[in-house]
Amino acid sequence: MQEELNQFERNDVWELVPCPPSQTIIGTKWVFRNKLDDQGNIVRNKARLVAQGYCQEEGIDYDETFAPVARLEAIRILLAYSCFKNFKLYQMDVKSAFLNGIIQEEVYVKQPLGFENFSRPNDVYKLKKALYGLKQAPRAWYDRLSSFLLQNGFTRGKVDTTLFVFEKGQDCLLVQIYVDDIIFGATNEYLCKKFSKLMQDEFEMSMMGELNFFLGLQIKQFQEGIYISQSKYTKELLKKFGIEEGRTVSTPMATNVKIDKDEKRKSVDESKYRDMIGSLLYLTASRPDILHVVCLCARFQSNPKESHMSATKRILRYLKGCQEVGLWYLKEGGFKLIGYSDSDYAGCRVDRKSTSGTCKMLGNRLVSGLARSKIQ
């Protein structure tokens, strides 16, 4: 906790002032978290002071809140490109990233619990920079970081505004941003070292070495290519929904089963079913083999029946038998964009509409997959 407050002092986040009349004073609270590595081992115990942003009122305490976030497709495209160009990707983390974002609004917060100033107990802190929990914090941090990179010769992507590119002669450096996590790689190792020093001179950074764990994706960079999996996430999923024991199945969906509304069967717990579907949808980031059946089951999140729950549990039993399966990006092969699309004819038993599916490849590397329903 003291380490967190020391960060506040170094970043000049706030100043203690008398409590202003007729001004909203936002509360603060401590949040404690164990940070894990890709094997589930605790690597750091972290305390963070956050603002109770739900007290803020739009137009008074904040205006703009939107901050762009990298899509998983963008991450996969970057991985595919690094394979094609044969360079390694690295990762760094900004310590207390939001504390670097400068806010324009006048915001006051209460003194943190356990660290009140005894000589001025009724005073409050006036914020100069963003605090975790504030509605405008992500926007302020993105503006601060993007401005810094643009000033140092980077160009921002026109479609993906979380991608920044620096070019020097025939070499280029690619930087992908996801809030306070930054992954980068270059065709020349010198550019990576230069970028790392540039960032560490401006912000407090943790250099985490080669990219191996990002947004729940386990990424292994080999001489032959890159392997992407979510085995750690899969194990946690099976434990969460009690599928650690019991038999496994060889396919995610039975060939003789047709999923429909099934209005005659008994209803099941709607919140648990939605939790299972949401968890499985995130797993499709590296598991296109379950994408179709998960999207089928996702159609029935309103008033799910026993048959829908049974179909969803079958997916989990299938995953139990192949937890290590993932995407393999080979370094060999071209970089031509190829798209595939297919659809059935009136395959949906509920409304007789067609179901389509698409996938996009960069060479032999799958970067995007989509199972879409309800095609007129």
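Tyrosine 81 is partly exposed, with a relative accessible area of 21%, on a scale where buried means under 20%, exposed over 50% and partly exposed in between (1.4 Å probe, protein chains only). The model is predicted, so local features need pLDDT of at least 70 and side-chain atom pairs pLDDT 80 or more, while totals for chains, interfaces and linings use all residues. Residues are numbered from 1 along each chain as its sequence is written, and side-chain values use heavy atoms, without hydrogens and water.

The structure contains 16 aromatic pairs, a pair being rings of Phe, Tyr or Trp (its six-membered ring) with centres within 6.5 Å, stacked with planes under 30 degrees apart, edge-to-face over 60 and tilted for the rest. In one of these pairs, phenylalanine 8 and tryptophan 14, the ring centres lie 4.8 Å apart and the planes stand at 70°, so the arrangement is edge-to-face. An aromatic cluster is formed by Tyr90, Phe154, Phe166, Phe184 and Phe195. A ring also takes part in a charge contact, in that the charged end of arginine 48 sits over the ring of tyrosine 132 at 3.7 Å from its centre (NZ of Lys or CZ of Arg within 6 Å of the ring centre and within 35 degrees of the ring normal).

Secondary structure was assigned as DSSP runs numbered from the N terminus (helices H or I, at least four residues; strands E, at least two), and strands were taken to pair if DSSP finds at least two bridges between them. An open sheet of 4 strands has the order β1-β7-β6-β2, with mixed pairing. Strands β1 (14-17) and β2 (25-26) stand at the edges of this sheet, and because each has a single partner strand, one side of each is left without a neighbour in the sheet. Strand β6 (residues 108-109) runs antiparallel to strand β7 (residues 124-127) and is joined to it by 2 bridges, with valine 109 having tyrosine 125 of β7 as its bridge partner.

In the loop between β7 and α3 (137-151) lies glutamine 136, which is buried, with a relative accessible area of 3%. Apart from neighbours within four places in sequence, glutamine 136 is in contact (heavy atoms within 4.5 Å) with residues including Gln56, Asp61, Tyr62 and Glu64; further partners include Thr65, Ile103, Glu105 and Val107.

Strand β5 (89-94) is mostly covered, with 6 of its 6 residues buried. Burial extends to both faces of β5, with Leu89, Gln91 and Asp93 on one side and Tyr90, Met92 and Val94 on the other. In the antiparallel sense, β5 pairs with strand β11 (residues 181-186) over 5 bridges, and leucine 89 stands opposite glycine 185 in β11. A further antiparallel pairing, of 4 bridges, joins β5 to strand β12 (residues 205-210), in which methionine 207 is the bridge partner of methionine 92.

Aspartate 12, in the loop between α1 (2-11) and β1, has a positive phi near 50° and is partly exposed, at a relative accessible area of 40%. Asparagine 86, in the loop between α2 (72-85) and β5, has a positive phi of about 60°.

Helix α6 (residues 270-283) has 14 residues and should span 20 Å at 1.5 Å a residue, which agrees with the 20 Å between its end C-alpha atoms; the expected span is 1.5 Å times one less than the number of residues. The buried residues of α6 are Tyr273, Met276, Ile277, Ser279, Leu280 and Leu283. These residues cover an arc of only 165° around the axis, which puts them on the same side of α6, the arc being that of the directions from the helix axis to the C-beta atoms. They pack against α5 (231-240), α7 (291-298) and α8 (306-320). Isoleucine 277, in helix α6, is buried, with a relative accessible area of 0%, and, not counting residues up to four places away in sequence, touches Val294, Cys297, Ala298, Gln301 and Thr312. The C-alpha atoms of isoleucine 277 and methionine 309 are separated by 9.8 Å, although the two residues are 32 residues apart along the chain.
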